[in-house]
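The sequence and the model are shown first.

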Amino acid sequence: MVDIKLWFAAVLLGVLATAVMDVGSLLLQRFAGTPLPNYTLVGRWIGYMPAGRLRHAAIAAAPAIRGERALGWAVHYLTGVVFAALLLTLVGPDWLRVPTFAPAMLVGLATVAAPFLLMQPCMGAGIAARRTPDPATARRRSLINHGLFGLGLYVAGHAVRWLLGL
């Protein structure tokens, strides 16, 4: 596969997989009452980084910044693209010719390390949300969302194969 085509495939794979995760989150909200992830707070966290502020006692208590919602959503989708590229790097670009479930789900579930070990601690929630009022529920939601992303990688792999004629 030509490099530019591989990069395009990774972008398409990441965007579609992230969209599957978001649709799954919407369905969980609609039918199970599960709160939606708040990507506005991700945008706030990222927005403070150029000023040298990586850690917050409680990101929700930090003053809002201009454009934080759009920034949060952009980072959410960009992260999905990076994780899709990671999948293709780990299993090889030929995975797109015959997408298989296990690698997609394993990478999807492994990506939960990002919120557990980086985002939540830096945003004031502690490692694996241990400082939240209900850490078990927060952890379960993260695992479900990242499982949805893994499912999305698998489904999107088939869509990308079809769209790019692989």
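## Tyr154 and Phe101

Tyr154 has a relative accessible area of 25% and is therefore partly exposed. The model in which this value was computed is a predicted one. Phe101 is likewise classed as partly exposed, because its relative accessible area is 40%.

## Aromatic pairs in the whole structure

A pair of aromatic rings is described by two quantities, the distance of the centres and the angle of the planes. Across the whole structure, the search identifies 4 aromatic pairs. One of them joins Tyr39 and Trp73: the ring centres are 4.9 Å apart and the planes meet at 70°, so the arrangement is edge-to-face. Because Tyr39 belongs to helix α2 (residues 39–48) and Trp73 to helix α3 (residues 68–91), this pair ties together parts that are 34 residues apart in sequence.

Tyr39 is buried, with a relative accessible area of 10%. Trp73, at 34% relative accessible area, is partly exposed. The rings of Phe101 and Tyr154 have centres 5.5 Å apart and planes at 85°, so this pair is also edge-to-face. Phe101 lies in helix α4 (residues 101–110) and Tyr154 in helix α6 (residues 135–164); the pair thus links distant parts of the chain, 53 residues apart.

## Ring cluster and a charge over a ring

Tyr39, Trp73 and Tyr77 are linked into a cluster by ring pairs.

A contact of another kind involves Arg30 and Phe31: the charged end of Arg30 sits over the ring of Phe31, at 5.7 Å from the ring centre.

Technical notes:
Residues numbered from 1 in each chain as written. Predicted model: local features only at pLDDT ≥ 70, side-chain atom pairs only at ≥ 80, totals over all residues. Heavy atoms only, no water. Phe/Tyr/Trp six-rings, centres within 6.5 Å; stacked < 30°, edge-to-face > 60°. Helix = DSSP H or I, 4+ residues; strand = E, 2+ residues; numbered from the N terminus. Buried < 20%, exposed > 50% of the residue type's maximum accessible area, 1.4 Å probe, protein only. Lys NZ or Arg CZ within 6 Å of the ring centre and 35° of its normal.
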